[in-house]
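Hi everyone, thanks for coming. Let me put the model up on the screen, and then we can walk through it together.

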Amino acid sequence: MWRLLRKTMNSFSQTLPGIIFSFLFLCSCSNTSNNNNLGSQNMAIPIPEENIDKFSEVFNKVNYITVQLPLESSIGQADKVIITEDNIFIGDFYQNPKVIILDKEGNFLSCINAFGEGPGEYTQINDFVIHHEDPKVLILSTKKILAFDFNGNFVEELDRPISGGYKFLATKKDELIFYVPPNISSADPKHGDNILFSYENQKVHPFFTSKFMEEKIPFFADRNILVYLDNKTFFTKHFSDTIYVFEGKELKEKMYLDFENSRKLKLNIFQEHDSNILNNLEYMQDYVYHMPNLHLSGKYLVTCFREKNYRSTLLYNRTKKTSKSISNATNDLDGLLPYLNVKYLSNNTLISVHYPDEFITIEQMENSDHPLLESLQQETVSFVFAIYQIKD
């Protein structure tokens with residue numbers, strides 16, 4: 001049943017004949033009881049005292065690919081990016097629900113655009129994955145799972161095996177892993193206190209309970225909170241400073257962001273304030289909390305946190321056990337954007353997604369003859385991949 005499951009350009013040259021993506025793809029071809037308390041190991045992820053000042057402290061270079069989409073296949077934003085050996089998949093969940101399929105050089109191939117309430121249609125995209133065994137795009141909607149081929153054609157519609165599923169993973173086995181948010185899980189007696197479930201052999205197995213069951217904690221639209229890498233499942237959520245690591249259904253490790261305890265946001269503030277307190281800049285100036293944007297490779301881990309009212313991207317070297325954080329920094333690589341919007345990570349390659357409007361203020365700068373800016377002036381570009389090579 002689950003077997004269903006432009007032009008390109010280089011910031012340093014006029015062409016980009018797949019070199020960056022070739023490098024990226026070579027790199028990337030790289031019991032049912034609850035297991036919360038099985039003696040898992042704890043590992044601290046250090047938080048730098050200061051953000052970096054210059055991009056060159058972290059990256060060797062940056063290259064760009066521009067993506068042009070047909071008008072009928074346009075999206076509002078890239079909420080999730082999945083890259084396989086031959087394709088790039090971009091999902092827009094909240095603005096214009098679609099999944100765009102590109103070739104490995106960023107050229108448009110097809111679009112999954114099936115908004116509606118009929119068979120083979122969705123009213124919302126909560127998440128999408130690529131099934132490993134039988135390559136299909138699986139879309140998690142509110143009441144069903146839809147399967148499409150890489151040409152955007154509808155293949156099959158399936159009932160969701162677990163109610164309230166909000167994010168999911170397809171492992172390399174015939175298995176799906178679902179995350180059900182605590183506010184939904186607690187409302188369904190069948191869930192108990194569980195928020196992670198495995199669906200295998202047509203059976204649902206709960207295997208992790210939430211430590212954040214307080215009703216007052218606000219729910220935020222998460223995007224990247226589940227990752228499957230090297231036969232391990234990595235999971236975290238908004239406000240939690242812990243990343244949980246499972247092998248199968250067994251909790252093996254807890255990786256926690258080592259915030260200063262005096263500055264860590266205490267969740268009991270939501271007993272007295274609603275979520276608008278997070279927009280109180282004066283109050284939040286003194287606090288830090290995790291805003292998950294979880295990406296992993298064999299060498300690096302990326303996520304985000306908010307500190308001093310700024311969002312910072314955390315880049316953790318898993319081998320050296322060292323961290324760098326990036327907010328607004330001087331882009332001394334090419335003088336363009338001074339911040340990141342990370343959507344994908346593979347070994348030493350990090351991909352940030354940006355939109356043409358973000359580059360408007362740069363046009364009057366000294367590097368206004370940069371080939372990317374010239375391309376944005378001459379062509380109708382939907383969005384831009386900024387591809388950073390991380391320093392060893």
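Here is a question to start with: in which loop is Lys-308 found? It lies in the loop between strand E21 (300–307) and strand E22 (310–317). When I say helix or strand, I mean DSSP runs numbered from the N terminus, with helices (H or I) of at least four residues and strands (E) of at least two.

Before going on, a word on the source: this is a predicted model, where local features need pLDDT of at least 70, side-chain atom pairs count only at pLDDT 80 or more, and totals for chains, interfaces and linings use all residues. Residues are numbered from 1 along each chain as its sequence is written, and side-chain values use heavy atoms, with hydrogens and water left out.

Back to Lys-308. Its phi is positive, about 55°, although Lys-308 is not a glycine. As background, most residues other than glycine have a negative phi. Lys-308 counts as partly exposed because its relative accessibility is 38%. For those words, buried is under 20% relative accessible area, exposed is over 50%, and partly exposed is in between, using a 1.4 Å probe and protein chains only.

Asn-231 also has a positive phi, near 65°, and is not a glycine. You will find Asn-231 in the loop between strand E15 (226–229) and strand E16 (232–235). Asn-231 counts as exposed, because its relative accessibility is 51%.

What does E12 pair with? Strand E11 (residues 167–170) pairs with E12 in the antiparallel sense over 4 bridges; two strands pair if DSSP finds at least two bridges between them. Leu-169 stands opposite Ile-177 of E12, and a hairpin of 4 residues joins E11 to E12. E12 also pairs with strand E13 (residues 194–200), in the antiparallel sense and over 5 bridges. There, Phe-178 has Phe-197 in E13 as its bridge partner.

Strand E5 (residues 98–103) is mostly covered, with 5 of its 6 residues buried. Strand E4 (residues 87–92) pairs with E5 in the antiparallel sense over 6 bridges, and Ile-88 stands opposite Leu-102 of E5. The hairpin that joins E4 to E5 has 5 residues. E5 also pairs with strand E6 (residues 108–112), antiparallel over 4 bridges, with Val-99 and Ile-112 as bridge partners. The hairpin of E5 and E6 has 4 residues between the strands, and in it Gly-106 takes a positive phi near 90°.

Next, the charges. How many salt bridges does the structure hold? There are 9, where a salt bridge is a side-chain nitrogen of Lys or Arg within 4 Å of a carboxyl oxygen of Asp or Glu.

One of them joins the side chains of Glu-307 and Arg-263, at 2.4 Å from N to O. This pair links distant parts of the chain, 44 residues apart: Glu-307 is in strand E21, and Arg-263 is in the loop between E18 and H3. Both Glu-307 and Arg-263 are buried.

Another joins Glu-157 and Lys-144, at 3.4 Å from N to O. Glu-157 is in strand E10 (residues 154–159) and Lys-144 in strand E9 (residues 144–148), 13 residues apart. Glu-157 is partly exposed, because its relative accessible area is 34%, whereas Lys-144 counts as buried at 15% relative accessibility.

Lys-264 is in the loop between strand E18 (250–258) and helix H3 (281–284), while Asp-241 is in the loop between E16 and strand E17 (242–247), 23 residues apart. Lys-264 is partly exposed, at 23% relative accessible area, and Asp-241 counts as buried, at 15%.

That's the tour, so over to you for questions!
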